[in-house]
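Please keep the sequence and the coordinates open while you read.

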Amino acid sequence: MWILVAVLSAFFAGLTSILAKCGIKKTDSDLATAIRTVVVLLFSWLMVLLTGSIKTIAEIGTKSLVFLVLSGLATGASWICYFKALSMGDVNKVVPIDKSSTVLTVLLAIILFGETDNLAIKLISTAVLAAGIFLMVERKQSGQQAEKRSWMLYAVLAAIFAALTSILAKVGIEGVESNLATAIRTVVVLAMAWLIVFIRGKQSALKSLDKKELMFIALSGLATGASWLCYYYAIQNGVVSVVVPIDKMSILFTVLFSYIVFREKLTKKAAVGLCLMAAATLAMAIFV
């Protein structure tokens, strides 16, 4: 049962990007992120209530709280950049760059935390993952202007902030139940997302939101929440070393969905890159 649930976690994670892309064709990406975070927040606190971890909220230390807040800010920045990139570029180009956060996270963990166990496997897998990302991210042959390719900058920034999220969360989650930590971070993300909306004066666009796109934005938030619920259920009831690599394979679902929905085809070069990314992710999850 838990293996099926782990697969569902990857399925919903892959579906998240596709639904979000459908919801930001005309809707501003900052506004879409803020709306979506409301749905994610409800899911994250639902998890807290279901696990009963809300009882431990008074036990959180100052250091943990500070780093959880910083992690939430990094998450918010990552989401904002990620959905901006999705609004401008192809899903099967944006997602691989976003996944490069794994490379940055591994390197930062080695440098900052001295995680040198199985160092050779980590470095080799990281190099293979980077090579896969490089092969997947191709310039379109239609001669786009630099302005049209600025999605890559946002995708890179999303990966950098995502890596910082993991590093900061590692410090902040010490002694804190993981579901509660996630919920606290999501509160920070929500505040940050809506603050940006109001600072940029985009709240007026709420009145003219396309109902169809609003539905896709909400569904994207639900998919994220469903992925989290499935992931933590699988972690709790199954074997972690099996659950994690399955969850990381969400990129396979994303690429499949991007072809079905948007007809975004992979070249042979990009397909090789995808295989390298999948192999490297599995190697790190299984052997590290």
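**Exercise 1.** Which residue follows α2, and is its phi positive or negative?

*Solution.* The coordinates come from a predicted model. Helix α2 covers residues 29-51, and the residue that follows α2 is Gly-52, with a positive phi near 75 degrees. At the start of α2, a side-chain oxygen of Asp-28 comes to within 3.0 Å of the backbone nitrogen of Asp-30.

**Exercise 2.** Classify the packing of α2 against α3, and describe the residues that form the contact.

*Solution.* First take the geometry: the axis of α2 and that of α3, which covers residues 62-88, come within 9 Å and cross at roughly 125 degrees. Angles of 65 to 115 degrees count as roughly perpendicular and those over 145 as roughly antiparallel, and α2 and α3 are therefore oblique to each other. The handedness of this crossing of α2 and α3 is right-handed. Next take the contact, to which α2 contributes Ser-29, Asp-30, Thr-33, Arg-36, Thr-37 and Val-40, while α3 contributes Trp-79, Ile-80, Phe-83, Lys-84 and Ser-87. By class, the residues of this contact of α2 with α3 comprise 4 nonpolar, 4 polar and 3 charged.

**Exercise 3.** Carry out the analysis for α3 and α7, and state how they are oriented and which classes of residue make up their contact.

*Solution.* The axes of α3 and α7, the latter covering residues 151-172, lie 7 Å apart at an angle of about 160 degrees, which makes α3 roughly antiparallel to α7. The crossing of α3 with α7 is left-handed, and the residues of their contact divide into 20 nonpolar, 6 polar and 2 charged.

**Exercise 4.** What is the orientation of α4 relative to α5, and which residues meet?

*Solution.* The axes of α4 (residues 91-99) and α5 (residues 101-113) come within 4 Å and cross at roughly 5 degrees, so α4 is roughly parallel to α5. In the contact, Ile-97, Asp-98 and Lys-99 of α4 meet Ser-101, Thr-102 and Val-103 of α5, giving 2 nonpolar, 2 polar and 2 charged residues.

Key. Residues numbered from 1 in each chain as written. Predicted model: local features only at pLDDT ≥ 70, side-chain atom pairs only at ≥ 80, totals over all residues. Heavy atoms only, no water. Axes fitted to C-alpha atoms, helices over the stretch in contact; angles between N-to-C directions. Helix = DSSP H or I, 4+ residues; strand = E, 2+ residues; numbered from the N terminus. Parallel < 35°, antiparallel > 145°, perpendicular 65-115°, else oblique. Left-handed = near helix turned anticlockwise from the far one by under 90°. Contact = heavy atoms within 4.5 Å. Nonpolar A, V, L, I, M, F, W, Y, C, P; charged D, E, K, R; others polar. Polar contact = N/O pair within 3.5 Å; in protein donor to acceptor, adjacent residues only side chain to side chain.
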